[in-house]
Amino acid sequence: MHGSSCQEPYVHLNWAAFEEERGCLEVAREALDHIDKGMPGLIAVILRRAGLERRSGNIEQGGDILKLAIENCRGRETRDFWIMKFVGYLQYSAKDIPAARKFLTEQIERNPRNKKLYVRLLDLEHSSGTNY
């Protein structure tokens, strides 16, 4: 891979950030979509796309981007990463603790040996003020 190819996503990421700062949200979306289509699955791009939607007030769309990342990822560690990001998004951005709890519970049912999911559920319950 050539140096310019490796740097191309970062040029577009910076371009998207610049356009968002100027208030040109559609141009920022287009820049991020361009990278995502050319190099699907880049963590930085997916997080920026979800963040752009969150900052634009499109909370549901931001969540959908993260859910799609969970569905499209390969490997348990990558899946765990996206699950934790999505739960955090539900908890802090969407402020939807019941949805975060439900999603985590479903993930635990799918993979009951995954200790990270239990720890995240415990953290969710603790930080949401649930009485035990």
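Author: Let's start with a cysteine. C24 is partly exposed, because its relative accessible area is 24%, while C73, at 18%, counts as buried. The cut-offs are these: buried means under 20% relative accessible area, exposed means over 50%, and partly exposed is in between (1.4 Å probe, protein chains only).

Some ground rules before going on. This is a predicted model, where local features need pLDDT of at least 70, side-chain atom pairs count only at pLDDT 80 or more, and totals for chains, interfaces and linings use all residues. Residues are numbered from 1 along each chain as its sequence is written, and side-chain values use heavy atoms, with hydrogens and water left out.

Here's the wider setting. The chain has seven helices and zero strands, where helices (H or I, at least four residues) and strands (E, at least two) are DSSP runs numbered from the N terminus. Of its 132 residues, 36% count as buried. The C-alpha atoms fill a box of roughly 50 × 35 × 15 Å along the principal axes. Take the contacts with a separation of 6 or more: residues 24 or more positions apart account for 43% of them, with contact meaning heavy atoms within 4.5 Å.

The expected span is 1.5 Å times one less than the number of residues. Which residues of α4 are buried? They are G62, G63, I65, L66, A69 and I70. These residues cover an arc of only 155 degrees around the axis, so they sit on the same side of α4; the arc is that of the directions from the helix axis to the C-beta atoms. Turned away from the buried side of α4 is a face with the exposed residues E60, E71 and N72.

Start with α3. I46 lies in this helix and counts as buried because its relative accessibility is 8%. Not counting residues up to four places away in sequence, I46 touches D36, G41, I65, L66, A69 and W82. I65, L66 and A69 are among the buried residues of α4. With residues up to four places away left out, E53 touches R29, N58, I59, Q61, G62 and I65. R54, another residue of α3, is partly exposed, with a relative accessible area of 35%. R54 and Y89 are 35 residues apart in sequence, yet 9.2 Å apart in space, C-alpha to C-alpha.

Next comes α5. Its 18 residues should span 26 Å at 1.5 Å a residue, and the 25 Å between its end C-alpha atoms agrees. The buried residues of α5 include W82, I83, F86 and Y89, and what covers its buried residues includes α3, α4, α6 and α7. With α7 (residues 115–127), α5 packs at an angle of about 10 degrees, the axes 11 Å apart. That makes the two helices roughly parallel. Axes here are lines fitted to C-alpha atoms, for helices over the stretch in contact, and angles run from 0 to 180 degrees between N-to-C directions. Angles under 35 degrees count as roughly parallel, over 145 as roughly antiparallel, 65 to 115 as roughly perpendicular and the rest as oblique. Among the residues of α5 that meet α7 are D80, I83 and Y92, with K116, L117 and S127 among those on the α7 side. Just after α5, K95 takes a positive phi of about 50 degrees.
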